[in-house]
Amino acid sequence: MNAPRFEIAVIKGDGIGIDVTDAALAVIDAARHRVGGFDLDCQDLLAGAGYFQETGRDMAPGAEEAAAAADAIFLGAIGLPAVRHADGTEISPHLRLREIFQLYAGVRPVKAYPNVPQRLADPRAAEINLVILRESTEGLFYSAAVHDRSPVENDDEVQDLLRITRATTEKLHDFAFRLAQKRKSRGHKGMVTCVDKANVFRSMAFFRKIFDERAGKFPDVETAYSYVDAQALELIRRPWDFDVLVMENMFGDILSDLAGGLVGGMGMAACAEIGTDHALFQPAHGSAPDIMGEDRANPLAAILSGAMMLDYLADQSGHQPLADAA
Ligand SMILES: NC(=O)c1ccc[n+]([C@@H]2O[C@H](COP(=O)([O-])OP(=O)(O)OC[C@H]3O[C@@H](n4cnc5c(N)ncnc54)[C@H](O)[C@@H]3O)[C@@H](O)[C@H]2O)c1
C-alpha cells in the first residue's frame, strides 16, 4: 500500500523567510525519512514584496487556489519595509489568506528551551511554557489596510474599527479550552486566562462574556482573567504561572512579541494559524531586513512551526507517523 501523501503549499516570501523555510523543509524531510509512513508534496508559490516589485501583484496567479487546495500552508515571511503601496502600508497577502481561509486561531507557543540565553534572572524562567492564542481574523485587524474597511479615511482623519463577533469568539474560546485540556493531559496546568480590556470597551466586555459562557462546557479547565496592560506586566514578573492566554488580534500581536523576547527572541517564536478547514504555519517573525543575506537568521522558529504543521496533519488525518515526526 502506498504511504499517504499530504500536499503542502510553500510560500517562502521575502528576506530571511526564504532561508528559514529552506531550513525547516530540510528538517521536516529528515524527520519524514527517519519515521517513514507518509509523503509530503511541497509546491512553491510565489508571493511577497519582492514578487510585487517585479510584477505589481502580491501573489502569483493561481497561488490562492493552490493554497486552498493544499492540506497545509507553510510560509516563511512576507514584507520589505521599503516596498509599499501608495497609502504607505506594506505588501501583506498573508493577511488576506487569514481572511479568505478564516484562520481565526493564531497559536503561539512560548517555551524556554535549554541552553537558550534567558532574559529574566529568576531561575523559574527556565520553566516558561505557555501558549498565546491570538484571534487572527477580526479584532483591530478587521480594518487592516489590506481589507480596505476603515470607516473614515481622509486627510483630516482616519478611523480603524475593532470588531468582535459571537461566531468567531465562540470558536476561539472553545479552541482555547480544548488546547488547555490537551496540555493538561501532557502535565500542564490546564488553565485559560482571558486577556482583554473589559473594564473600558464594550467589545472587550462582550469577548469576556462569551468566554464565561463557553467556560461552562469545560469544567476541567481552570479560568482566569486579566486586563491586557496588567498582563504585559505579569508576563515579565511571573510568566511561568500561565498556561493558555486567549486574546483579541492586536493584543495577541503585541504580547506574542513580548513573550517571544522572554525565551530567546523572534528566532524562537513559532506560530500556527488554524481555521475550520485550512491551516497556515509560519515563524512569528518577519523578513528581518537588517540581517538578510548575512546567514545569521535563526531557523528554529520556522522548524518548530514545521513540527506544529506535522502535529496538525496528524490530528486531521489520525495518522500516527506524522505525530512521531513532529
Ligand atoms: N508574518 C510575516 O510575514 C511578518 C511578520 C512580521 C513582520 N513582517 C514584515 O517583515 C519586515 C521586517 O519587520 P520587523 O523588522 O518589524 O520584524 P522582524 O521580525 O523581521 O525583525 C525584528 C527583529 O528580530 C530579528 N529577527 C527576526 N527573526 C529572526 C531570526 N529568525 N533570527 C534572528 N533574528 C531575527 C531581526 O533581525 C530584527 O532585529 C517588515 O516588512 C514587516 O512588515 C512580516
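Two residues count as in contact here if their C-beta atoms, placed from the backbone, lie within 7 Å. What you're looking at is a predicted model, where local features need pLDDT of at least 70, side-chain atom pairs count only at pLDDT 80 or more, and totals for chains, interfaces and linings use all residues. Residue numbers start from 1 along each chain as its sequence is written. Helices (H or I, at least four residues) and strands (E, at least two) are DSSP runs, numbered from the N terminus.

- Strand 3 (residues 72-77) and strand 12 run parallel and are joined by 2 bridges; I73 has L280 in strand 12 as its bridge partner.

**Helices**
- Axes are lines fitted to C-alpha atoms, for helices over the stretch in contact, and angles run from 0 to 180 degrees between N-to-C directions.
- Helix 7 (residues 228-237) and helix 8 (residues 249-262) have axes that come within 10 Å and cross at roughly 10°.
- On the helix 7 side, V228, Q231, A232 and L235 meet F251, L255, L258, A259 and L262 of helix 8.
- This contact has 8 nonpolar, 1 polar and no charged residues. Nonpolar covers Ala, Val, Leu, Ile, Met, Phe, Trp, Tyr, Cys and Pro, charged covers Asp, Glu, Lys and Arg, and the others, Gly among them, are polar.

**Domains**
- The protein chain splits into domain 1 (1-101 + 277-326) and domain 2 (103-272), with bounds from an automatic or database domain assignment.
- Taken over C-alpha atoms, the domain centres are 22 Å apart.
- Across the boundary, 24 residues of domain 1 are in contact with 17 residues of domain 2.
- Helix 9 gives the largest share of the domain 1 side, 6 residues.

**Ligand shell**
- Of the 22 residues around the ligand, G79, G267, H285, G286 and N298 come nearest; a residue is near a molecule or strand if its C-beta atom, placed from the backbone, lies within 6 Å of it.

How values were computed: Two strands pair if DSSP finds at least two bridges between them.
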